[in-house]
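Here's a quick tour to read with the structure open beside you. Take it one topic at a time.

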Amino acid sequence: MVFSSNIFLFVFLPSFLLLYVPTPRRYKNHLLLLANLLFYALGTGTYVLLLAISVIANYVFARIILQLADRWKTYFFWLSVVFNLSFLVYYKYRAFLLGISDSALHFFGVDIPVTAPELVLPLGISFFTFQAISYLADVYLEQVEPTKSLVDFGTYHSLFPQLLAGPIVRYSEVAAQVVTRNLTWEGAAEGTYRFTLGLGKKLLIANPIGSVSEAIFSLPQAELGFVVAWLGAFSYGLQAYYDFAGYSDMAIGLGRILGFKLPENFNQPFRAQSITEFWRRWHITLFRWFRDYVFIPLGGSRPSVRSYFALVFVFVLCGLWHGPTPNFVIWGAYQGVLMAIERYVAIRYGRVQRGIWAMPLTFGLTVLGFAFIRCSDLSFGWHYLSVMVGISRPEVVYYPIWYYLEADKQFVYAVAIFFAWFPVERLSALGTAGGVRLAVKYASAFVVMALSVISLSASSFNPFIYFRF
Amino acid sequence: MSPGVDATYVAEAANTASLSVTAEPPGHAARRSLAGRISDKSISILYVALVACFLAVGIVQTLFPIWQFEPLDERREPTVLDDYLTRLARHDPQLPATLSGWFDDKFGFRAPFIRLYNEMEYRLFNVSAREYIGENDFLFEKRFFDYEIKNSRSAPVLERNKGLILTHLRNLNDYLARRGIKLVIVPIPPKGDFYREYLPISAPRLPERFLPYEVEVTLKNWTNVIYVDANAALRAALDAKTAQAALYYRSDPHLNFWGALAIGPAIANSIAADARIGMPPWRKFSDYYRWPYPAGSDQRFLGLFGSFTENILVPKNIEFPFADTNLGYWEKDPNFHGFEAMNESSIFEYVYHTRDIYLSDRLPPVVIYGDSFADHFALAGLQDEFAAVYRSRENNRQLKEVVDAMPQGIKYFLLIFNEGTIDRFVYPLFDVGPTP
């Protein structure tokens, strides 16, 4: 079940809140844990057992790590990390790894046909695995005290607002709120506002622009032209941003309604003037995870040659985390190399050169990367890039540029561009008295919610010519 | 309250207090701050209540419809949520979408919200998700273009489709020839191809090697079938300005009366030439009036609030719906309603019989097997040219059934169909095997 669906908005969420609000404080987490598991089960069925195992196992691991000392503590910590990663590897990377081993064996003249049975990926497994590792690592490093309550830990680990797509929350950020939190009208209103903002980003911006990128990336190679390829890459960049940032907004908003303050995940990333800055604004909690739990332990924070390798390695992992395909691995390496170059320039010359071209250049480099990961395979990825840089040309064009840019889409692009690049903090300076501003803000949000629900219904309109077809 | 939350609130409060102290006298600031807080809280309550009402009304309307809204005519079954637990257990990846679709179809405000969205798109941007809105409000279904491009864009796919179509037509022709029946092929150009000048700039270009064109070139060279060039007949009518209106509906993909009137005589003339007899005189029309055409799938796909019924100029002396005249009479299936496809029907949805006194100068009896593009020929009077017309609809009956059920005395078998879906139309010919 996704947040941007009528069944979530009109059935799941109101039903849950009707029970949650009047529930006494001491039972709120029990109810929330049940809701988390139900939310997960409705979408993934018996995979909810996997989530339950993850909750119980990591609760126990943390308690044991707390009890152990020195070498045994370290061994057990790594054992628990391997335990968590084993599920991720099994469900997400098995086919990829089998493919690599198959190719390697084939290279050495050994042909052993190995076929991996098709498995459906448990939703959100990448997120809750990383969240569990962060919890265990913080307990291991004694940065946080593990909770004694299984229900409290389960509430944190499976919190439905951020279970499927983040933000990846460190336990220390919500430890106090997990134990006790206040529900206030202001919190509910701010949470609703933030949720609505995310809903609008997803349904009114990401989906229409996504239909353009979908159409362009589905074109046969022979029909892909320079302008259309750039439009596709640009659209995919905007779609990815509004889709993911919208989801994060919805998660943060829902968290706020329930009394949690979840960390921010996006901060207008396309305004970044360098790739390094981009990754401080894009999927902030993931980048932070890699920085704290991989990059720094690898010695990346110290200025040495090793730090460059650490950077590239971290981003290759980051690419793999996003998807188990060669395109993602290369994309990760590309991001790592770009950041390594920036790091070298910063150390060698004092700072990264910024100027009028910094933002468009950063955006252009980012979009090239996005285009590559959106392509279905390596061959299409290289071809797509070759079209974008003008090396390849189309043999025939059936769909003109205006096919993708009908008047309604032009309007959506204008809105998307405005909110991606305009410094939104200036908007809060507009208006007069606080009360009026708040009223206008919430009234606008209500309009966005109504439009979002209307567009949600419209997306289900599917007429046929005849009954039988 | 937790220590973390306490700390945040304390910091925020301290920050606010320090700003207030420096900006205004203490008493005034305190009063304003209090008023502001009450006001903010009221606004928050109002906002949350408004959203809660919005959601509540939505679910109440879904469970106990208070307002009755005209449903959308989508011609599909609502999404069914069957085997939910089994599908959950085997992790069906489509299940969340099915669950969502199931609820969406039941959602109480679905119809007005869809219409409202479509109305906004249409009024504000002059676009629609499923239609191109062309010059003079001519509507063109978007799916048609994608379908044609998909079928024709790849040379191997094109060749394969062309080969299949021609093979099947050849099989049918052989089958009929052995029974002494001649095949007459009448492909009608699709509106999006014929009226290209009305298309908006956002519409895709149809391929140069377009499947129907490729088939057409070959069929024109077949000597043992009659190929009626409907496109040429329509162009001639357009050039001669004989039609009183456009040849296709604006709000529907079909030919209208005027389009059928342009092609009908060409059909009769081709058959008359083959039979080596003179073509019977075509019915004369006079005195026109505006007939509100009730169907229109293009307008249905727009899904607006208001009716998009198109008033088309037609002669007064055409018979609706299929009434007997002094020239002939109709034998109709009880379920036959004119232009709508039937779910259940007999093999021939109608048989038209010319009255005995006129039989001597009529062309031989024919079967018309076709899609909905064959409908309007009955309005234009094509049936008056023949001793009898047996009409069968391709989405009701497989061709093999029709061929086997043909009565004695049939001399011509007419295939009349939308050229744009020639592949779909011809696929039932798979069933036609060699004559026993």
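In which sense do strand 3 and strand 11 of chain B pair, and over how many bridges? Strand 3 of chain B pairs with strand 11 (residues 412-418) of chain B in the parallel sense, over seven bridges. Pairing here means that DSSP finds at least two bridges between two strands.

Some ground rules before we go on. This is a predicted model, in which local features need pLDDT of at least 70 and side-chain atom pairs count only at pLDDT 80 or more, while totals for chains, interfaces and linings use all residues. Residues are numbered from 1 along each chain as its sequence is written, chains are lettered from A and ligands numbered from 1 in the order in which they are written, and side-chain values use heavy atoms, with hydrogens and water left out.

**The sheet in chain B**

- Seven strands of chain B make an open sheet with mixed pairing, in the order 4-3-11-9-10-8-7. Strands (E, at least two residues) and helices (H or I, at least four residues) are DSSP runs, numbered from the N terminus.
- The edges are strand 4 and strand 7 (328-332) of chain B, each pairing on one side only.
- Strand 3 (residues 182-188) of chain B is mostly covered, with six of its seven residues buried. Buried means under 20% relative accessible area, exposed means over 50%, and partly exposed is in between (1.4 Å probe, protein chains only).
- Ile185(B) sits opposite Leu415(B) of strand 11 of chain B.
- Strand 3 of chain B also pairs with strand 4 (residues 226-227) of chain B, again in the parallel sense, over two bridges. Val184(B) has Ile226(B) of strand 4 as its bridge partner.
- Strand 7 and strand 8 (residues 350-354) of chain B run antiparallel and are joined by five bridges. Glu331(B) stands opposite Val351(B) in strand 8 of chain B.
- Tyr369(B) belongs to strand 9 (residues 366-370) of chain B, and Tyr369(B) counts as buried because its relative accessibility is 1%.

**Where chain B meets chain A**

- Contact (heavy atoms within 4.5 Å) links 70 residues of chain B with 67 residues of chain A.
- About 6500 Å² is buried between the two chains, and carbon and sulfur atoms give 66% of that. Buried area is the accessible area (1.4 Å probe) that two parts lose on being put together, summed over both.
- The rule finds two salt bridges across this interface. A salt bridge is a side-chain nitrogen of Lys or Arg within 4 Å of a carboxyl oxygen of Asp or Glu. Arg153(B) and Glu223(A) meet in a salt bridge through their side chains (2.8 Å, N to O).
- Helix 2 of chain B gives the largest share of the side of chain B that touches chain A, namely 14 residues.

- Gln335(A) lies in helix 14 (residues 326-349) of chain A. Why does Gln335(A) count as buried? Because its relative accessibility is 2%.
- Leaving aside neighbours within four places in sequence, Gln335(A) is in contact with Ile275(A), Trp279(A) and Phe315(A).
- Asn29(A) is part of helix 2 (residues 25-44) of chain A, and Asn29(A) counts as buried because its relative accessibility is 6%.
- Beyond neighbours within four places in sequence, the contacts of Asn29(A) include Val151(A), Thr155(A) and Arg181(A).
- A polar atom of the Asn29(A) side chain lies 2.7 Å from the backbone oxygen of Val178(A).

Key: Polar contact = N/O pair within 3.5 Å; in protein donor to acceptor, adjacent residues only side chain to side chain.
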